[in-house]
Amino acid sequence: AEFTQGASAALAVTAVLAGLVCLGTALDVRREAVQHRASAATGAQAGEGPAMPLSAFGVAEPRPPSMIGGFLNHWSVLRNGRSLMRTRPKEQDDFACMDAVRVFSMAQVILGHTFIYVTSSAGFSNMEQFSPPYGLLGSFWFQIVPGCFYGVDSFFVLSGFLCAVGLQKKVFNRRENRLPVRFSINYVKFALMRWLRLVPAQMYCILFVVNLLPFLGTGILWNLKDPRGGHCYEDAGAGQCSQYWWTNLLFLQDLDKYMGKCMVHTWYLANDFQLYLTAPFFALAYGINKRIGWVLLAACFVAGVIIPMSQTAHYEWVPEIILGGGQGFNQHFYMKPWCRCPAFLIGIACGWAWPSLQRFKGRPVTPLGEVVGVVLSLVGIALCLAATFGRMSFYQCDLSECTDPDASPVPRPLQYLWAGFSIVAWCTGLATIIILCSLRRFLPVLQGFMNMPMWQPIAKLSYSAYLIHTSILILDFCQRSSPVAFSAGAFFFSFVSFVVCSLGAALCIYLLVEKPASNLQMKVLGGGGE
């Protein structure tokens, strides 16, 4: 790859950010050293008569940070590293299990892409091993891989839940915030806060993928141009970013006209942002009258179920991510907010129900309560398993038949039901698990595991890991000297290494861009920034 002005600009931006990190950290270290000496001097004079100025001990008086020092402090590794590692005791955090769900969902996305991105780069040398009905795609355990694409739906559930809880608790519980003028002002702030949360890290990753990633790899496959004139490394998301980066800035990359142009995997962020913008309207309706809120939510939910079913009938695709991918399923179903909205709406429904459910918080004290908790836990797990492994039925045929809705072993009516309710089943099961965990009524061993504080720091890196993980995959697959020979063991260990490397890269983005931008946002628009 030729060194371009874009590469120079990307290096300059990265150097400036790294310089801010170094300066902010150095000032923070110096400030803490002064405070430590002041504390030591104050301790030394304790009980020795009237207090004396610190200068009498040869210690400089601590001074408040200057405007420049306060600005640089937003990039301090000490501050941001402590914020990353700071955990909340599970006793003080009703929703501790959500951090585990974020981590698992991120891992699901990486696992699914570990399979998909091989096929678009180095390829598999033993592709016949996947052919249904007797290959891996037709096997029970391998359904975990295509089932990983529910990971984004898990994020939608969390987003809807937290939106509903936060808006009702902090905004729409006050009548004045439901008036048109105050609602409009709060809505603009709500949208701006979300935009500022998502944009900085995404724009930096685009800058990196387009301008710097091409220089990090070598080899024939890496530098070879495909028939379309592109390179293997562009599968990390570069594509036509130099022309269409603004669609990501405005979260329009899920529109048909712009889909796949820049950072194709960020279609989820466009869906999330668009669904996020609807949350205040649901909250407003609920705040005015709870029945109106529930009716509106139910109507949108029904629409979100009917639309995928009608599209499946109209386009005559098999409603499954791999089998329907070549028939427009991904573009017109998988990546569209109106087909993914049931997940978000289930989250909102759980958020509205949460205040009423809190009276059940705590371990059951009666045998009946214990039984109910276990039964509901098993129902939640069963729904998630059914949504994951139920797709196996679509693969009990030759591949040519599996992609034909008429020849598929799954009857047409069941295909329509799968299109409408598979995501609903997963999200309902997940929401049940989250609610039970938050009430401390989930299966004890699993609840203890999901509530462990260790998930909190990893969850804070999940956004940056989502953005950068495709670059990690491509850095491996596009530098292979031969196609990948699939084996279960190699696939698993590759996945683990990709997760670890993605988290490492995410840590760098978190310290360079994501957390400093969050600190500045909270400083300007309110909050503590921590």
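Which helices each supply at least two residues of the lining of the second largest pocket? Helix H4 (97-119) and H11 do.

What you see here is a predicted model, so local features need pLDDT of at least 70, side-chain atom pairs count only at pLDDT 80 or more, and totals for chains, interfaces and linings use all residues. Residues are numbered from 1 along each chain as its sequence is written, and side-chain values use heavy atoms, with hydrogens and water left out. Helices, by the way, are DSSP runs of H or I with at least four residues, numbered from the N terminus.

OK, empty space. Rolling a probe the size of a water molecule over the atoms shows where empty space is left. The search runs on a 1 Å grid over the protein atoms alone: a cavity is a set of points where a 1.4 Å probe fits but cannot get out, while a pocket is an open set with protein on both sides within 12 Å along at least five of seven lines. A lining residue has an atom within 4 Å of a point. Points are joined across faces, edges and corners, and a volume is the space filled by probe spheres set on them.

So, that second largest pocket: it holds about 1300 Å³ of space. Its lining counts 44 residues, and the ones nearest the centre are Ile-116, Tyr-117, Ser-120, Val-264 and Asn-330. H4 gives the most to this lining, with six residues.

Then the closed spaces. Over the whole structure, the search turns up three cavities of 30 Å³ or more. The largest cavity has about 150 Å³, and 16 residues line it, with Tyr-150, Phe-329, Tyr-334, Arg-391 and Ser-422 closest to its centre. H11 and H15 each put at least two residues into that lining, and H15 gives the most, with four.

Next up, charges. Side chains of opposite charge can pair when their charged atoms come close. The rule here is a side-chain nitrogen of Lys or Arg within 4 Å of a carboxyl oxygen of Asp or Glu, and by that rule we get 16 salt bridges.

Is Lys-336 buried or exposed? Buried, at 3% relative accessibility; the cut-offs are under 20% for buried, over 50% for exposed, and partly exposed in between, with a 1.4 Å probe and protein chains only. Leaving out residues up to four places away in sequence, Lys-336 touches Asp-254, Leu-255, Asp-256, Met-259, Asn-271 and Gln-331, where contact means heavy atoms within 4.5 Å.

Arg-412 sits in helix H15 (residues 412-438) and Glu-316 in the loop between helix H10 (290-315) and H11, so here the pair ties together parts that are 96 residues apart in sequence. Glu-316 is partly exposed, at 46% relative accessible area.

Then there's Asp-476 with Arg-480, with closest N and O atoms 2.8 Å apart. Both ends are partly exposed: Asp-476 at 24% and Arg-480 at 28%. Elsewhere, salt bridges that share partners join Arg-88, Asp-93, Asp-99 and Arg-102 into one network.

A bit of backbone geometry now. Most residues other than glycine have a negative phi, and most peptide bonds are trans. Glu-316 shows up again, with a positive phi of about 55 degrees although it is not a glycine. Met-263 has a positive phi too, near 50 degrees; this residue lies in the loop between H8 and H9 and is buried, at 1% relative accessible area. And from Pro-132 to Pro-133 the peptide bond is cis, with omega near 5 degrees. Pro-133 is in the loop between H4 and helix H5 (151-170).

Last stop, the surface. Phe-104, Phe-449, Met-452 and Met-454 make a nonpolar patch of about 330 Å². Patch members have over 30% relative accessible area and no salt bridge, and nonpolar side chains (Val, Leu, Ile, Met, Phe, Trp, Tyr) are joined within 5 Å, like charges within 9 Å. The areas are Shrake-Rupley with a 1.4 Å probe, and for residues only the protein chains shown count as cover. Met-454 is in the loop between helix H16 (444-450) and helix H17 (455-460), and is partly exposed at 40%.
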